[in-house]
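Please keep the sequence and the three-dimensional view at hand while reading.

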Amino acid sequence: MTNAAPPPPALRVEGLGVRYGALVALQDVSWQVSPGEILGIIGPNGAGKSTCYDATTHLATRSGRVWLEERDVTDLPPHGLAALGLKRAFQQNAFFATLSVRDNMVAVLAREAGTGLLPSLLLPWREASRRAALQNEAVEVLERFGVPRELHALRPPNIPYGSQRMLSIALAFGRGARVLMLDEPAAGLGGADMAQLATLLRRLRAEGVALVLIEHHMDLVMSVADRILVLEQGRPLATGRPAEIQADPRVREAYLGQAA
């Protein structure tokens, strides 16, 4: 009796490269992440971390190939990737500042539900029922991502910064993601907010979501990541488990500024 083959990676990229004229921003970068795994991508400023995200999600002109599970999605546009479950949260908070927190979430859920304008005009009673269902769903998602109910009626700029970060992740996740890519989610966080983020990341991992995390907060990365990829000047420098990365003299020299 043979063992069953392991499931394919949730996301796999091979040979990613990005050039801006004569500048090589990314060269021959390959990695993969499995369902229920957290991959951390670290490196000094200018190492190519965000460019790697842009290349993966087709927000930059690049070479290389991208697979979502076993499907080659290299040529799909960003919205096509999101529809297949590859979601991304950006470094800067992203929300509609003039809508309430709850209505921000409703807008994302409604877009993903894909209901058009015509049913809303012809069947207003059904639209009212649908709106109420979306509002209830929005409350559930927001609370799941650590945004308390007492903040839902406020506009995002008027809620605590830590809750703004959780809101941005919730909006990126929407109704669900097979792969969630986070770009410095801990930026500006500390104390209880940082602990809340770590708890959220671990819970999403336990639910089977594949997470890719760019982060400068080493304590967070080392505590939650299963594997880490280190980039330097747009190229892979090292990859391994957190303890292996911490012990790698190349990493200490290039990233931490210590002599090998």
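**Notes on a predicted model**

1. The first point concerns a pair of helices. In this predicted model, helix α6 (residues 161-173) and helix α7 (residues 191-206) have axes that come within 10 Å and cross at roughly 20 degrees. Because angles under 35 degrees count as roughly parallel, α6 is described as roughly parallel to α7. The crossing of α6 and α7 is right-handed.

2. Which residues make the contact between these helices? On the side of α6, they are Gly162, Met166, Ile169 and Phe173. On the side of α7, they are Asp193, Gln196, Leu197, Leu200 and Leu204. Sorted by class, the contact of α6 with α7 has 6 nonpolar, 2 polar and 1 charged residues.

3. The next point concerns a residue in a loop. Glutamate 37 is located in the loop between β2 (23-33) and β3 (38-42). Is glutamate 37 buried or exposed? Its relative accessible area is 12%; because buried means under 20%, glutamate 37 counts as buried.

4. The surroundings of glutamate 37 may be described in two parts. A polar atom of the glutamate 37 side chain lies 2.8 Å from the backbone nitrogen of serine 34. When neighbours within four places in sequence are set aside, glutamate 37 is in contact with Gln32, Arg205, Val209, Ala210, Leu211, Asp226 and Arg227. Arg205, one of these residues, belongs to helix α7 (residues 191-206).

5. Valine 101 is buried, and its relative accessible area is 0%.

6. How far apart in space are valine 101 and alanine 153, C-alpha to C-alpha? The distance is 6.1 Å, although the two are 52 residues apart in sequence. Leaving aside neighbours within four places in sequence, valine 101 has contacts with Leu142, Val147, Leu151, His152, Leu154, Arg155, Pro156, Ile159 and Leu167. Leu167, one of these contacts, lies in helix α6 (residues 161-173).

7. The final point concerns the protein as a whole. It contains 10 helices and 10 strands. Of its 260 residues, 46% count as buried, glutamate 37 and valine 101 among them. Of the contacts with a separation of 6 or more, 67% are accounted for by residues 24 or more positions apart.

Notes. Residues are numbered from 1 along each chain as its sequence is written. This is a predicted model: local features need pLDDT of at least 70, side-chain atom pairs count only at pLDDT 80 or more; totals for chains, interfaces and linings use all residues. Side-chain values use heavy atoms; hydrogens and water are left out. Axes are lines fitted to C-alpha atoms, for helices over the stretch in contact, and angles run from 0 to 180 degrees between N-to-C directions. Helices (H or I, at least four residues) and strands (E, at least two) are DSSP runs, numbered from the N terminus. Angles under 35 degrees count as roughly parallel, over 145 as roughly antiparallel, 65 to 115 as roughly perpendicular and the rest as oblique. A crossing is left-handed if the near helix is turned anticlockwise from the far one by less than a right angle, and right-handed if clockwise. Contact means heavy atoms within 4.5 Å. Ala, Val, Leu, Ile, Met, Phe, Trp, Tyr, Cys and Pro count as nonpolar, Asp, Glu, Lys and Arg as charged, and the others, Gly among them, as polar. Buried means under 20% relative accessible area, exposed over 50%, partly exposed in between (1.4 Å probe, protein chains only). A polar contact is a pair of N or O atoms within 3.5 Å; within protein, one must be able to donate a hydrogen and the other to accept it, and residues adjacent in sequence count only if both atoms are side-chain atoms.
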